[in-house]
Amino acid sequence: MRDPYEVLGVKRNASAAEIKGAFRKLAKKHHPDANKDDPKAAARFAEVNSANEILGDEEKRRQFDRGEIDAEGKPRFQGFPGGRAGRPGAAPGGFDYSFRNSGGGAGAGAFEDVLASMFGGAARGGAGGPRGFDYETPFGGVDLDLNVSMNVSLEESVHGGEKRVRLPTGKELDVRIPKGVTSGQQIRLKGQGENAPGHPPGDVLITLNIAPHPLFKIDGQDIRLDLPITLYEAVLGGKVRVPTLGGVVELSIPKNTTSGRTFRLKGKGLQKPRSVAGDLYVTVRIALPDGANAELEALMEKWRSQHPYNPRSGME
């Protein structure tokens with residue numbers, strides 16, 4: 001993946017607000033729903049989301065700037081002398097192992113024996129092999145599981161789908177995403193982890209992260225959306241088109257609707273397995289046309305002189 005600063009088009013000293021603004025602009029530009037005839041739009045949208053996962057998180061941004069993680073958020077292996085991936089003695093990819101001497105004094109076994117035990121080249125006390133060092137987790141036993149994270153779009157979390165994930169070992173796997181997954185949920189791939197002689201293969205544990213959406217905000221099982229409407233739609237009422245995760249629907253706006261009024265679209269929220277679907281809450285925001293408009297200004301001046309009112313009365 002490209003440098004996240006390059007993806008979002010911001011400088012390395014960009015503020016959090018600049019990064020947020022750049023992400024929103026690009027996410028709207030490359031969203032698949034707005035580029036249905038462009039087969040590459042989904043890939044660009046995913047790249048923008050991944051870049052924001054790094055730069056939009058202060059801690060991850062600092063880790064990236066220090067070279068501790070790469071553009072995909074994966075730990076960088078810094079090497080044994082002065083390495084920073086995990087504690088001293090960490091294996092490549094940031095997987096943290098503790099080592100114990102299983103055969104004799106502190107000097108038993110060569111450095112090659114340590115490498116061999118880390119990467120499965122020497123079984124514990126195997127025939128003809130060095131007794132050297134075995135590796136173990138802090139809780140004892142060999143840990144062959146791999147833990148990775150995967151970003152999915154809000155649409156993918158709702159409708160499910162298939163994505164490819166790259167493991168710290170370099171291996172790539174196609175992963176089926178079930179419908180209705182939530183952020184923080186894990187998918188276990190049995191037997192796809194690391195291998196070591198005399199042990200069954202470990203598993204891959206994939207933690208899902210739902211990427212920020214340019215339009216919708218998640219609120220439990222409900223979804224919230226700010227919908228811009230025109231001044232005349234607010235005054236005269238009418239039907240407006242509203243995007244939802246299941247497609248576009250029409251919403252009736254009553255006459256004299258105030259900006260900030262919220263409408264509830266029942267069942268248009270998130271659907272979790274074995275539960276009732278949440279709702280979509282649409283808050284309307286009156287949007288004036290860009291630029292000065294002499295005719296509109298004259299109309300408002302006439303209205304102000306003939307129908308004065310103060311919506312802030314009682315607040316002082």
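Visitor: Which side chain does the side chain of His213 make a polar contact with?
Guide: That of His31, at 3.2 Å. Keep in mind that this is a predicted model.

Visitor: What else lies by a polar atom of the His213 side chain?
Guide: The backbone nitrogen of Phe216, at 3.2 Å.

Visitor: Where is the place of His213?
Guide: In the loop between E7 and E8.

Visitor: Does His213 count as buried or exposed, and why?
Guide: Buried, because its relative accessibility is 12% and the cut-off for buried is under 20%.

Visitor: Pockets next. How much space lies in the largest pocket?
Guide: About 1,200 Å³.

Visitor: How many residues line the largest pocket, and which lie nearest its centre?
Guide: The lining has 43 residues. Ser50, Glu72, Ser149, Met150 and Asn151 lie nearest the centre.

Visitor: Which gives the most to the lining of the largest pocket?
Guide: H3, with nine residues.

Visitor: Which helices each supply at least two residues of the lining of the second largest pocket?
Guide: H7 (231–236) and H8 (294–306). H7 gives the most, with five residues.

Visitor: Back to H4. What caps its N-terminal end?
Guide: Asp57. One of its side-chain oxygens lies 3.0 Å from the backbone nitrogen of Glu59.

Visitor: And which residue follows H4 with a positive phi?
Guide: Gly67, with phi near 80°.

Visitor: Now sheets. What order do the strands take in the three-strand sheet?
Guide: E3-E7-E6, in an open sheet with mixed pairing.

Visitor: Why is one side of E3 and of E6 left without a neighbour in the sheet?
Guide: E3 and E6 (186–189) stand at the edges and each has a single partner strand, so one side of each has no neighbour in the sheet. The twist averages 25° from one strand to the next.

Visitor: How many bridges join E3 to E7?
Guide: Seven, and the two strands run parallel. E7 covers residues 204–210. Within this pair, Val148 stands opposite Ile206 in E7.

Visitor: What is the strand order in the four-strand sheet?
Guide: E8-E9-E13-E12. That sheet is open too, again with mixed pairing. E8 and E12 (262–265) are the edge strands, each pairing on one side only. Neighbouring strands are turned by 25° against each other on average, direction ignored.

Visitor: In what sense do E8 and E9 pair?
Guide: Antiparallel, over four bridges. E8 covers residues 216–219 and E9 residues 222–229. Lys217 stands opposite Arg224 in E9.

Visitor: What sits in the hairpin of E8 and E9?
Guide: Two residues lie between the strands. Gly220 takes a positive phi there, near 70°.

Visitor: And how does E9 run with E13?
Guide: Parallel, with seven bridges to E13 (residues 280–286). The bridge partner of Pro228 in E13 is Arg285.

Visitor: How many residues lie between the strands in the hairpin of E4 and E5?
Guide: Five. Gly170 in this hairpin takes a positive phi near 100°.

Notes
Residues numbered from 1 in each chain as written. Heavy atoms only, no water. 1 Å grid on protein atoms, 1.4 Å probe; cavity = no way out; pocket = protein on both sides within 12 Å on 5 of 7 lines; lining within 4 Å. Points joined across faces, edges and corners; volume = space filled by probe spheres on them. Pairing = 2+ DSSP bridges. Axes fitted to C-alpha atoms, helices over the stretch in contact; angles between N-to-C directions. Polar contact = N/O pair within 3.5 Å; in protein donor to acceptor, adjacent residues only side chain to side chain. Buried < 20%, exposed > 50% of the residue type's maximum accessible area, 1.4 Å probe, protein only.
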